[in-house]
Amino acid sequence: MFNKKILKPFLILLVLSLSLVSFSACDDDDEDKKLEIIGTWQSAYGGNEVITKDTWTFTFGASTIVEYDNDKNIVYVQNSADMEYNASKFSKIVYTDIADNKFYYCTISFGNETLDDAKANTTEADASDPATTGCGGNFPWTSLTKATE
């Protein structure tokens, strides 16, 4: 009826394939691994900023999200090659937890040649009162509020 020499490896391969498909599907839907600040946000400085799983579009251009850590509230981005300032350079952005559909972010390091350079920057930003305190000495914190649809 069935050739047992062929059937057993086929079944093993089938089970492994289904396991991988199942694992991939779970991984894609895992909310814990998704960047927690994805969305369309209204900036306190005017305009919207759009954050997707791959890009952060600011009012002055778009950057590619190259790495992030939700636990540490850090996003590393690389500016697009056509950006007026710091084209193709890397930045380190820290952000506060979202509260009442709002969060703050601070670019604590920008103009870095490599991702490793951005990661090596140890500048701290005081997030105790981001509406009034500084952002590592370079720029103020930027507040983003969830944009209404």
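**View 1. Trp41 is a buried residue**. Its relative accessibility is 2%; buried means under 20% relative accessible area, with a 1.4 Å probe and protein chains only. The model is predicted: local features need pLDDT of at least 70, side-chain atom pairs count only at pLDDT 80 or more, and totals for chains, interfaces and linings use all residues. Residues are numbered from 1 along each chain as its sequence is written, and side-chain values use heavy atoms, without hydrogens and water.

**View 2. Trp41 pairs with Phe103**. The structure holds 6 aromatic pairs. Rings of Phe, Tyr and Trp (its six-membered ring) pair if their centres lie within 6.5 Å; planes under 30 degrees apart are stacked, over 60 edge-to-face, the rest tilted. The ring centres of Trp41 and Phe103 are 4.8 Å apart and the planes stand at 90 degrees, so this pair is edge-to-face. Trp41 belongs to strand S1 (residues 39-43) and Phe103 to strand S7 (residues 102-112), so the contact ties together parts 62 residues apart in sequence. Strands are DSSP runs (E, at least two residues), numbered from the N terminus. Phe103, at 0% relative accessibility, also counts as buried.

**View 3. Trp56 and Phe58 form a stacked pair**. Their centres lie 5.2 Å apart with planes at 10 degrees, so the rings stack. Both residues are buried. Ring pairs join Trp56, Phe58, Phe60 and Tyr105 in a cluster.

**View 4. Lysines sit over the rings of Trp41** **and Tyr76**. The charged end of Lys146 is 4.8 Å from the ring centre of Trp41. Lys119 lies over the face of Tyr76, 6.0 Å from the ring centre. A charge sits over a ring if NZ of Lys or CZ of Arg is within 6 Å of the ring centre and within 35 degrees of the ring normal.

Conventions:
Helices (H or I, at least four residues) and strands (E, at least two) are DSSP runs, numbered from the N terminus. Buried means under 20% relative accessible area, exposed over 50%, partly exposed in between (1.4 Å probe, protein chains only).
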